[in-house]
Amino acid sequence: MATSSTKQNRGNFFEDFEVGQTLVHATPRTVTEADGALYIALYGSRFAVQSAETFARNIGFSTRPLDDLLVFHVVFGKTVPDISLNAVANLGYAECVFQRPVFSGDTLSVTSEVIGLKQNSNGKTGVVYIRTTGRNQSDAIVLSFVRWVMVRKADPAHPAPETVLPELASGMKITEAPPHLVALDVSSWSDAFSGSPYRWADYEVGEHIDHVDGTTIEEAEHQIATRLYQNTAKVHFNQHTEGAGRFGRRLIYGGHIISIARALSFNGLSNAFHLLALNAGQHVAPCFAGDTIYAWSEVLDRVTFSNTEAVGALRLRTVAVKDQAATLFPHTDESGKYVAGVVLDLDYWVAMPR
Amino acid sequence: MATSSTKQNRGNFFEDFEVGQTLVHATPRTVTEADGALYIALYGSRFAVQSAETFARNIGFSTRPLDDLLVFHVVFGKTVPDISLNAVANLGYAECVFQRPVFSGDTLSVTSEVIGLKQNSNGKTGVVYIRTTGRNQSDAIVLSFVRWVMVRKADPAHPAPETVLPELASGMKITEAPPHLVALDVSSWSDAFSGSPYRWADYEVGEHIDHVDGTTIEEAEHQIATRLYQNTAKVHFNQHTEGAGRFGRRLIYGGHIISIARALSFNGLSNAFHLLALNAGQHVAPCFAGDTIYAWSEVLDRVTFSNTEAVGALRLRTVAVKDQAATLFPHTDESGKYVAGVVLDLDYWVAMPR
Amino acid sequence: MATSSTKQNRGNFFEDFEVGQTLVHATPRTVTEADGALYIALYGSRFAVQSAETFARNIGFSTRPLDDLLVFHVVFGKTVPDISLNAVANLGYAECVFQRPVFSGDTLSVTSEVIGLKQNSNGKTGVVYIRTTGRNQSDAIVLSFVRWVMVRKADPAHPAPETVLPELASGMKITEAPPHLVALDVSSWSDAFSGSPYRWADYEVGEHIDHVDGTTIEEAEHQIATRLYQNTAKVHFNQHTEGAGRFGRRLIYGGHIISIARALSFNGLSNAFHLLALNAGQHVAPCFAGDTIYAWSEVLDRVTFSNTEAVGALRLRTVAVKDQAATLFPHTDESGKYVAGVVLDLDYWVAMPR
């Protein structure tokens with residue numbers, strides 16, 4: 001008779017989490033220009049700072065940084081085996097700050113802290129609030145964010161923990177630029193090379209931008225992307241089980257849609273060269289292979305920094321929709337409910353040369 | 001009421017071009033060995049000079065060069081947003097010269113000059129002739145080529161420009177090898193490692209080579225490739241619009257077929273380690289995911305260089321066909337019309353050790 | 001009338017091989033961290049030593065090694081044009097030893113020696129036994145293995161060669177660790193970062209490990225992987241011919257399944273950071289796009305090394321199955337026949353920190 005091992009990771013259940021707990025996530029990851037090339041191949045990103053060594057150095061970077069969302073996905077991916085293997089749903093993001101650029105050769109390590117817990121009234125699931133921090137090989141924080149996830153209980157009879165709800169900033173105030181932006185000199189920024197003459201001052205609050213193009217998702221593409229991030233969530237990779245599941249198909253990793261929307265946003269926001277922060281993000285509806293993603297953005301706010309005049313910040317809402325053009329800026333109806341076709345609603349700050 | 005932005009790139013229409021005009025294309029691109037690895041993964045290219053650092057250094061390269069067609073595609077891709085976003089068809093290539101090798105870490109910037117214009121008799125479209133030049137970070141030209149494209153007019157009432165037709169060499173004479181070839185010493189060239197004992201002198205004008213193998217195109221593959229080149233032409237990526245279009249499907253980037261044909265040509269032309277020039281190229285018929293591409297080549301000419309005895313040049317016609325073997329060298333019928341199945345007719349010069 | 005070339009590689013037929021013959025395979029290959037990133041993207045591998053520069057250096061590597069199976073596939077791929085282009089079947093592997101780690105920038109060259117021949121009684125095919133050796137740019141052996149392949153005869157009338165059957169170790173004894181393992185110091189090995197607290201001593205002979213997860217294969221993924229290895233076997237790439245063939249579909253490269261199974265085995269064997277040797281491997285049934293692969297492992301043996309106490313070796317059987325979970329460890333029935341669904345049976349040694 002075979003001895004059955006119990007050495008597999010079964011993931012944490014709701015009752016396994018407690019407020020204050022720290023989780024060290026497995027498999028640190030050295031990211032390189034190879035990940036950057038794959039990122040371009042997967043999304044067609046065209047922002048000049050991440051694409052061209054010459055452009056990046058010309059404005060004061062020591063070398064071109066890797067794409068901010070590539071860093072986000074790698075950091076996020078590390079948390080999956082410990083946080084969301086038994087998740088029912090990813091409910092939201094907040095307070096995501098891109099604190100330092102990541103360069104080819106950096107190694108990212110990730111830890112998370114449990115900052116809130118609330119059992120649901122059905123007694124079978126609960127919401128876990130997590131602050132995740134990604135650090136480079138010098139132990140400097142490159143990225144931190146909060147997310148909350150609905151997680152199953154293994155034993156519904158397990159008593160509910162005390163409810164702790166973290167206070168989260170719904171829209172972070174941006175007042176100071178991070179040091180790596182203060183060091184930039186955009187006096188020789190080339191609008192021809194960056195792809196647009198429109199700088200920070202040219203955008204108005206309330207302006208709506210249709211990003212025009214659409215991109216159709218293939219099964220192989222989202223799997224290759226999601227594995228690149230070493231994200232192991234089962235729903236993305238296993239047609240044998242998902243075929244018998246709720247949707248009958250593999251689910252696309254939500255971050256894949258964020259990256260598609262960001263790449264599409266180049267058409268209208270070519271100079272938005274860097275993500276400063278994500279205020280909030282919601283995956284409004286699931287996406288599947290074969291869906292064609294379009295996107296539009298609204299300028300929500302526009303601020304200057306106290307410590308540099310080289311760049312300013314725009315707060316954007318970028319909305320992704322599927323299988324319909326974004327010409328009419330589909331978002332919510334009068335009752336505040338998302339209209340059909342909306343798949344992503346993202347509220348974030350970008351840096352743009354002034 | 002939303003303020004609609006007009007900051008998107010809508011591309012140039014026929015009336016936006018004028019002879020002598022220079023266009024600086026967006027998003028310079030640093031290419032690295034990561035792009036080289038992806039290129040191998042996408043096409044299975046096996047030419048030893050680009051594959052092996054040892055082989056390349058052994059014959060006098062400072063380091064292995066990136067694949068010539070990878071360079072071509074990246075340079076071509078940059079021109080799309082300015083030249084062919086409103087194109088009806090890519091009509092042809094000429095005078096494409098690979099002037100310098102490109103190495104991992106080089107940054108490619110691209111400009112184009114309008115060298116010809118001719119409005120079509122229907123008044124709705126016109127042909128634009130463009131000379132495109134790719135330069136490295138030292139501002140040295142690595143590649144230049146002419147292409148002509150049929151572009152829509154935004155306003156059919158706009159008056160026709162004066163017709164200017166550039167004089168183009170239909171088959172460039174190759175007399176001198178470029179400096180990077182003159183510097184090579186092929187005395188220790190290994191036929192075992194390069195994959196074939198057949199050198200320049202073994203090929204005869206008129207010789208037809210069936211490249212035997214076929215490769216089936218997948219949707220994810222051509223999209224990953226075309227995005228790697230940051231080529232944004234809508235027809236390659238958007239099934240939502242293309243599904244309702246002329247073919248009902250996404251169109252494969254023509255350059256993808258060129259790269260497949262070149263990779264297939266290894267079987268019979270293993271020592272053709274470098275492209276010197278493309279004389280002419282025609283995408284005879286569109287290709288789609290699911291098509292299986294075969295190729296054959298004819299030796300059109302064979303010349304020596306005045307400035308080196310190490311390598312010689314072969315002028316080749318490589319023809320790609322789909323969903324049929326190339327055993328019988330399908331090309332044109334008696335009236336000069338391409339026979340069914342032909343998708344590409346490429347006339348080019350390669351370098352081969354003597 | 002066209003002159004038909006005969007310069008293509010038609011591959012070797014059974015009668016072209018003779019015992020003692022050495023084959024130098026074409027296209028040496030420089031492998032880099034770009035191949036490593038693609039390998040992660042294709043399989044989602046999460047072993048920390050190959051993923052993180054910090055982790056690898058921390059235990060004594062000069063820099064992180066590339067994945068052992070990536071090296072195997074590249075070396076294997078080189079042999080295809082000379083050994084198995086006319087193969088009917090890959091029958092087995094033996095005596096595969098990973099002798100030295102391969103690092104980014106190394107160039108792999110491959111030779112093979114014919115060590116056995118046996119014509120089949122039908123007179124139309126024969127079995128060729130080959131010992132293949134991969135070397136780095138310093139001519140040091142990194143990998144060697146034996147495989148045997150059933151190859152067609154071009155001329156059935158060709159007389160049979162003398163039968164020579166090599167003696168092959170069915171399960172290699174592991175007594176000494178290779179030098180690169182002796183140099184390691186695992187005192188600061190982080191179980192949190194490696195993903196599991198279970199070390200060598202925690203595994204028992206007879207223990208069965210269900211690796212839980214399943215991964216569905218896409219056509220584009222296995223083609224991209226197999227071309228990355230420059231493996232040109234026709235059956236993987238040509239739907240036009242395979243569609244009319246025995247299975248009606250392209251066959252997945254068997255090594256792709258090995259890599260999927262190894263990546264899945266992280267869940268339960270996270271600390272098995274290095275392959276020492278493959279004793280035997282059998283592709284029990286063909287795989288196709290759309291198949292979902294699961295895997296389980298059994299601990300067959302457990303040994304210490306005479307020359308280091310830092311790491312020990314586990315002998316594992318890893319079995320991959322398709323379209324069924326591995327919960328019940330499907331393998332063979334009472335008659336020793338593989339049960340339906342089993343696609344791979346691999347017997348190998350891994351190193352694990354003690």
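1. Is A:Ala220 buried or exposed? Bear in mind that this is a predicted model. A:Ala220 counts as buried because 25 other C-beta atoms lie within 10 Å, and the cut-off for a buried residue is 20 or more.

2. On the surroundings of A:Ala220. The residue sits in helix α7 of chain A, which covers residues 219-228. Leaving aside residues up to four places away in sequence, A:Ala220 touches B:Ala220 in chain B, and from chain C it touches C:Glu218, C:Ala220 and C:Glu221.

3. On the contact between chains A and B. Chain A contributes 42 residues to this contact and chain B contributes 33 residues. On the side of chain A that touches chain B, at least two residues come from each of α1 (33-43), α2 (48-51), α3 (53-58), α6 (191-194), β8 (207-210), β9 (215-216) and α7. Of these, α1(A) gives the most, with seven residues. By residue type, this side of chain A divides into 16 nonpolar, 15 polar and 11 charged residues.

4. On strand pairing across the two chains. β8(A) is joined by two bridges to strand β1 of chain B (residues 3-4), and the two strands run parallel. A:His208 stands opposite B:Ser4 of β1(B).

5. On the partners of β5 in chain C. Strand β5(C) spans residues 107-119 and pairs with strand β2 (residues 22-24) of chain C in the antiparallel sense, over three bridges; here C:Val24 stands opposite C:Thr111. Strand β3 (residues 29-30) of chain C also pairs with β5(C) in the antiparallel sense, over two bridges. In β5(C), C:Thr107 is the residue opposite C:Thr30.

6. How many bridges join β5(C) to strand β6 of chain C? There are 10 bridges, and the strands run antiparallel, with β6(C) taking in residues 125-135. C:Val114 has C:Ile130 as its bridge partner in β6(C). Five residues lie between the strands of this hairpin, and C:Gly123 takes a positive phi near 75° there.

Notes. Residues are numbered from 1 along each chain as its sequence is written. Chains are lettered from A and ligands numbered from 1 in the order in which they are written. This is a predicted model: local features need pLDDT of at least 70, side-chain atom pairs count only at pLDDT 80 or more; totals for chains, interfaces and linings use all residues. Helices (H or I, at least four residues) and strands (E, at least two) are DSSP runs, numbered from the N terminus. A residue is buried if 20 or more other C-beta atoms lie within 10 Å of its own, exposed if 12 or fewer, and partly exposed in between; C-beta atoms are placed from the backbone. Two residues are in contact if their C-beta atoms, placed from the backbone, lie within 7 Å. Ala, Val, Leu, Ile, Met, Phe, Trp, Tyr, Cys and Pro count as nonpolar, Asp, Glu, Lys and Arg as charged, and the others, Gly among them, as polar. Two strands pair if DSSP finds at least two bridges between them.
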